[in-house]
Amino acid sequence: MTRDVLLTCPLDCPDACRLKITLAPGEDARTGQYSERMVKVTGDPDHPVTRGFACAKTVHYPARANHPQRPLYPLRRVGQKTDAEPRFERVTWEEALDDIAARLRTLLDSRGPQSILRYHYAGTMGLMEGHHAHTLWRALGTPELEETICASAGTAAWSLGYGTRYAPALQDVQHARLIVLWGINSLSTNSHLTPHLTAARKSGAKIVCVDPYRNRTAAYADQHLKIRPGTDAALALGVMRELFVNGWTDNDYIAQATTGIEELREAAQDWTLGRTAETTGLSVEEVREFAHAIGTTRPTYIRVGYGMTRHEHGGNNLRAVTLIPALTGDWRHKGGGCALSSSGTFKLNRTHLGGAHLVQSDFSSVNMVELANALEPAAGLGALVVYNTNPAVVAPESDRVQAGLQRDDLLVVVLEQAMTETARLADYVLPATTFVEHADLYTSYGHHYLGYNPATLPAPGECRPNTWVFQELGRRLGVTEPALYWTVDDLLKNLLNTDHPFLQGVTPERLKAEGSVPLNLPGDFLPYADGAETGSGKVQLSPAPHHREPHAELNDHFPVRLLTPPAHHFLNSTYGVLENLNRAEGTEPHVLVHPQDARQYQLHEGGYASLQSEYGRVQRRVRVTDTTNPGTAVLEGTWWGLSAPDGKSINALTAQTLTDLGGGSTFHNTRIKLTPAQP
Ligand SMILES: Nc1nc2c(c(=O)[nH]1)N[C@H]1C(S)=C(S)[C@@H](COP(=O)(O)OP(=O)(O)OC[C@H]3O[C@@H](n4cnc5c(=O)[nH]c(N)nc54)[C@H](O)[C@@H]3O)O[C@H]1N2
Ligand SMILES: Nc1nc2c(c(=O)[nH]1)N[C@H]1C(S)=C(S)[C@@H](COP(=O)(O)OP(=O)(O)OC[C@H]3O[C@@H](n4cnc5c(=O)[nH]c(N)nc54)[C@H](O)[C@@H]3O)O[C@H]1N2
Ligand code: SF4
Ligand SMILES: [Mo]
């Protein structure tokens, strides 16, 4: 007999779907255990955001959870880290935890807490297994990890202008009459926005996509502005100049809700149509029409993604774009404004989450983008504990990251659900539970519902939640901090212990009973209609954003810009283990090259190219296509290196360069040389 359960998707995706998961009893061939297992995933038809569908990737989650190579028991390395095929032996949890704790104790006593680094990201968005799991490390005083690999440039840029990150409600998007999808491949990365876009279009809205290549979203849009990478601030300033010149600004909104208008006006002044067109690679007519549409259509809704932030001046680029609605006054129109993230709406009491109260001002810190540097012997690390992330593949300068992980004098402990390339380089692989096997609480960065999942299936083999592992290590290390030993019930009680009106009526009991609970927002939620949660209480237009060309300019050595945005059928590297999703993406990674570049660099459809940057070299199969512009190549997806012809991650090419604001990643800033190659 099968049964269906409703659970929140834990993955790093704005949609935080309510999934309908079918469970069936049977024997687990891997363990001989007889229990229920996941057999099917769809979307909850009754959830207002999920609307009955899950994405093209997560419908395959059962194959991932039931994968024959999923680690189910603690494993200890027996061979060398440099072996082509890693070898591990199964050990008991007692053995693994006792040995790891003893080695951490030795490091703490001899070299201090700064010799141990926790390394993690958003493999699960759960507040318990994703965030609260850091408590042990804060109790021990190990370095803070600056979580910069994805959103920090965007967050810093947004908070400069607006303070807290709010977004208009999804159901209001249908009221917009102009929709700009700017640096976001939303049909792939935010797929539950699509029904709202389609509804708006049916009511007459026009949809414009601003992106350097024709991705799925650009193909769906009514118009595609194929912008030169890294020039969004120029386009935004060019639009602003038209708004000022033609009197399309909302002067009442500007006077009441903003500060710094004169500085912004001055910054926009020189961005004539001609200069804007020249800088962005668009035509004068395209810029003029775009500015006219924004200037004269209310409400205009701009959905920005993180794409434009992954450049050297990505913070300024996003800041310029997101300030447009402060000039048009769109924040006062239902369905208007701009959306980056809705995270700020979840007003949970986070004072003790992840041991935040334990952080001292003298803690050192490591920027996670600079992991390759942190793993250099001279940086002094003796142990690295990795959870919820796959840095051997996803972090920049991955050749150096992998070399660092291979150091014999570095203890590498990896908590994982899959035998990732990071796990393959570990001294210990500790088997982790999935979202169906542990309880957790979920916010969202794309909507306004809190989700709670109970532990629904028994853990297969000896898989354990991250927090269980860290509590066991904490006991062995003598850590008495109470927050380390919280249960999920303690977490719910603490996080919901607040008087904030958005959480009024949201109790642990209700969350457990209903599973998905909307925040208690006003019916006409118009964030920033009257100002912002900044120091001045206003939307801050000063310091004015500016366009700057990157230091890593294209030149004769590196004449092509490489973008490496997400793939439709992957979620970062999470699904890289599944053959069928690899096949759906073309079986191996392809580099998209414009016909003109293909001619110039003597590349052929279906042949191989060598891609070389300042940091490394990889080989990839070529697809010749006019979806991109000359001088811009695209490789979709952070594939496992194991799926590539040369066994290498695309991040062998990317740099640790940080963004202008927020110390973020610059994955789309890569410059390369293309030459023909033999496989
Ligand atoms: N299917 C799928 N969904 C995902 C993910 C996934 O891997 N696969 N990953 C999840 C995660 S962690 C994240 S952060 C989000 C990211 O989702 P997005 O924000 O959509 O992804 P980005 O990498 O930021 O790239 C988005 C687009 O920005 C474009 N871009 C690059 N440079 C520029 C530029 O200078 N200007 C402009 N205007 N556009 C530019 C790229 O060509 C790309 O089409 O998606 C989440 N959802
Ligand atoms: N070139 C290039 N590189 C990129 C990007 C890009 O666009 N281009 N995107 C960047 C972005 S936006 C991001 S967010 C990062 C994402 O990169 P990662 O943070 O590495 O995300 P995933 O690749 O999805 O890997 C998450 C891992 O967490 C594990 N996991 C999930 N749940 C749990 C759990 O409960 N416990 C434990 N122990 N493990 C768990 C999964 O098995 C998976 O292997 O990649 C970045 N790297
Ligand atoms: S990955 Fe995103 S779109 Fe797919 S099921 Fe999960 S939350 Fe929904
Ligand atoms: Mo991300």
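Author: Arg 103 and Asp 99 make a salt bridge, with the closest N and O atoms 3.7 Å apart. This is a predicted model, where local features need pLDDT of at least 70, side-chain atom pairs count only at pLDDT 80 or more, and totals for chains, interfaces and linings use all residues. Residues are numbered from 1 along each chain as its sequence is written, and side-chain values use heavy atoms, leaving out hydrogens and water.

Reader: Why is the pair Arg 103 and Asp 99 called a salt bridge?

Author: The term asks for a side-chain nitrogen of Lys or Arg within 4 Å of a carboxyl oxygen of Asp or Glu. Arg 103 and Asp 99 have that N to O distance at 3.7 Å, so the pair qualifies. A search of the whole structure finds 35 salt bridges.

Reader: What separates Arg 103 and Asp 99 along helix α2?

Author: About one helical turn, because they sit four residues apart in α2 (residues 93-111). Helices here are DSSP runs of H or I with at least four residues, strands are E runs of at least two, and both are numbered from the N terminus.

Reader: How do you know that domain 1 and domain 3 touch?

Author: Domain 1 is 3-65 and domain 3 is 153-340, with bounds from an automatic or database domain assignment. Their centres, taken over C-alpha atoms, are 35 Å apart. Still, 10 residues from domain 1 and nine residues from domain 3 take part in the contact, meaning heavy atoms within 4.5 Å. The two domains bury about 740 Å² between them, 54% of it on carbon and sulfur atoms; that is the accessible area (1.4 Å probe) lost on putting the parts together, summed over both.

Reader: How many salt bridges does the rule find across that interface of domain 1 and domain 3?

Author: Zero between domain 1 and domain 3.

Reader: What makes the peptide bond between Arg 298 and Pro 299 stand out?

Author: The bond is cis, with omega about -10 degrees. Most peptide bonds are trans. Pro 299 lies in the loop between α13 (284-296) and β12 (300-304). Ser 542 and Pro 543 are also joined by a cis peptide bond, with omega about 0 degrees, and Pro 543 sits in the loop between β21 (539-540) and β22 (560-563).

Key:
Chains lettered and ligands numbered in written order.
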